[in-house]
Amino acid sequence: MPDRLPDRATIRAEADRLYAALLDSGAQPVEADILLPAGALLDLYGEDIRARAYVTRDPIRGEMMLRPDFTVPVVQMHMAHGAEPTRYCYRGEVFRKQDHIGARASEYLQVGYEVFARETPATADAGVFALFHRLLAPLNLRPATGDMGILLAAVRGLNTTERRKAALLRHVWRPARFRALLDRFAGRTALPQARLRLLDRLGSASPEALMQAAGPFIGLRSPEEVAARARSLIEDSIAPPVSPREAALLDSLLAVSGTAPQALARLEDIAASLPSIAPAVGRFSDRLSALAALGIDTAALPFQAGHGRSTLEYYDGFVFSFHADRPGWPPVASGGRYDALTAVLGQGRSIPAVGGVIRPGLVAALRAAP
Amino acid sequence: MTLKIGVPSKGRLMDKTFAWFGARGLKMRQSGSEREYSGSIGGLDGAELLLLSAGEIPRELSAGRIHLGVTGSDLVRDRLADWDMQVAELARMGFGQADLIIAVPAVWIDVDTLDDLDAVAAAFRAVHGHRLRIATKYHRLVRDFLADRGVADYQLVDSLGATEGSVKNLTAEAIADITSTGETLRANHLKTLSDGLVHRSEATLYAARAADWTAAARAALADLAQRTGLALPVLP
C-alpha cells in the first residue's frame, strides 16, 4: 500500500474532482447510508464479508454493517424504485476490516459510477471503461480486462449433469476448488479414498436404514434431504466423466491471456469446438468494437480469461481494473458487469448493470508523486 | 524492568505449567494466599509471575504488557490477527492437548468430508433460505480453515458454551469445537468430519514481540532459555 497517502483534504478534493467529472458525464448523484442492515450483505457475500466488514449491533435494527461498498445499497435502492434505465454516481467512505498487520487502509473514499441500461451491453461496458480510462489517463495506469461471461457460458455448456455444472458454477470464483472439481468430474484425478468409502457404505443399504442405524435424528436438515443427497451421490458415481476433449478446451480457455485481439482470435478458435461460448465471445468482439469507437487502443489492451475470478463474486460479464506500478497496491480502479446481482436484489425485477469504483486516495498519491 | 511471565491462574493448566517449569529447575510459587494473582519464580532473578485467565493471555501478549505467556495455541491463533507476527512460539509444552474439529450430526450418512459439507451447504441454502450455520467460539481459525478449503454458503454463529448442544437445539446445523476424547460429541449424536481437524492445540510458551525488551528483560530471558534448553527467539 501507499508509502504515504496525501492528507485528507487533498484526497477529498480529488474525490470531488472525479465526482464532478462523473456528474458532467450526465450521471445522477446518489447517496447511500453508511450504516447498512447486515442481512442482505451477509446473504450475498457470506462469511467472507463478516471477516472484512465492521459488524455492529443496533438495539432495534439488529445486526448492522459499516458500508463495505456502494454497489449493494445503490442496486437495492435502484431496484426498489422501478429499476428503470439510469446512470448514477456517488462518493463516500467505505470501511474494510483488515485482518492482517500492514498499511492497508480500513477506511477510505470511493468514487463510483453505475449504469443500469437495457441497451446493448457492449455499448454500456465500453462506456464505463472509456470514461474511467479518460479520467485516469494522466496517471499512466496499466489496465487489465477479462470476461466472466465466457467462462460461465463454457461451464453451462458442458456435456455433463446439471448437478456438476451447478457445483462448478458455484466455485468459479474459487480457482483452486474449481480446478479440483473439474479434475474429479473429468476423471483426471481418482475419487478421494473418503468418498470411495462413503459410496461403499451408501451402497450397502437404503439411506433410511443407514440413518436408522446412525442414531437419533437431530437438526434442521431433514431426513428427506439426507436421503436425497445420498441417492444423488450414488447417481453421480455412475455418471460418465466430462470428456477429456471438453476438459482440455476449458483448460485452454482459462489459459487465454494476451492482447485483446490475440485473445479474441484464440477464443474464436476455442468456440469452433465449444459452441456454447460463441454468443459470449461475440459479445466480447462487439465490446472491442465499441471500445475502439470510443477511442480506446484495443490492439494493446490486455485481456485475461481468468481476470476477476478471485474478487467479490458478483461480476458475471466484463471485468476491468486499473493498476499503478507500485508494489503491494490494490487496484486504483476496478469494476465490471453484474446482471445477476440486480435479479438477486430485485425481488422479481432485474436490469442489466455495469459499474466501477475509483479510489481517490490512490489517485491523489499518484498525482503528488508520479 | 523485570521479565513479566503470564501463566494461567487456575486449574490443571496452572498446575501443569508450574510442573513444567519446576521440572526445569524453576520453581513457580503463588505469593500469599491462593486468591492473590501474582507470584515469584525461584532461581530466576529479575522475573515476575502474573497469574491471568488463559483467555486473557493472548491479549496481554499482543499488547506487550507481559514478555512471556503460557496459554493454548488455539486461543493465540484465534484471537490474534497474524499471530506469528505478534508472538514467537518458544516451546510447545506437551500438555493441554485438544483438537479443534468440525462435527455434523452422526445421522448425516451422506457426509464424511469438507467436500460433502460444502455440497450440503449449497443444497441447504436452496431449501431453507438461509446459510448452513456452524456454531463455534473460534471464528478466525474456522473461517480461515474453511476459506482455504473452498467451503462456501455457511455462516458462523457465536456459541458461548455447550456448543455441542446447538444442533439439537436447532441453533446450528454443525459445530466447530474443541474436543479431547470425542465423548461429548458422541453423547450429542455428532461425528467429526474425516478431514475436519482445524487445529491441534497445546499449551505453549510464547514471547511477545511488542513487549518492552529492555536489557534486564533480555538478560532474564537468556537465563531462562539456558536453564530450560530453549532457543532464544528473534525479538525486535
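Biologist: What pLDDT does chain B average?

Modeller: This is a predicted model. Chain B averages a pLDDT of 93. In chain B, 97% of the residues score at least 70.

Biologist: And the complex? What ipTM and pTM does the predictor give?

Modeller: The ipTM is 0.89. The pTM is 0.91.

Biologist: OK, on to the contact between the chains. How many residues does it take from chain A and from chain B?

Modeller: Chain A puts in 33 residues. Chain B puts in 34 residues.

Biologist: Which elements of chain B give two or more residues to the side that touches chain A?

Modeller: Two helices and two strands of chain B: helix 5 (114–128), helix 6 (139–148), strand 9 (154–158) and strand 11 (190–201).

Biologist: Which one gives the most?

Modeller: Helix 5 of chain B, with seven residues.

Biologist: What classes of residue are on that side of chain B?

Modeller: There are 19 nonpolar residues, nine charged and six polar on the side that touches chain A.

Biologist: New topic. How is chain B divided?

Modeller: Into two domains. Domain 1 of chain B covers 3–96 + 203–228. Domain 2 of chain B covers 98–201.

Biologist: How many Å apart do their C-alpha centres lie?

Modeller: The centres of domain 1 and domain 2 of chain B are 32 Å apart.

Biologist: How many residues are in contact between them?

Modeller: Six from domain 1 of chain B and eight from domain 2 of chain B.

Biologist: What gives the most on the domain 1 side?

Modeller: Helix 3 (residues 73–79) of chain B, with four residues.

Biologist: And the classes there? How many are nonpolar, polar or charged?

Modeller: On the side of domain 1 of chain B that touches domain 2, three are polar and three are charged. That side has no nonpolar residues.

Note on methods. Residues numbered from 1 in each chain as written. Chains lettered and ligands numbered in written order. Predicted model: local features only at pLDDT ≥ 70, side-chain atom pairs only at ≥ 80, totals over all residues. Contact = placed C-beta atoms within 7 Å. Nonpolar A, V, L, I, M, F, W, Y, C, P; charged D, E, K, R; others polar. Domains from an automatic or database assignment. pLDDT = per-residue confidence, 0-100.
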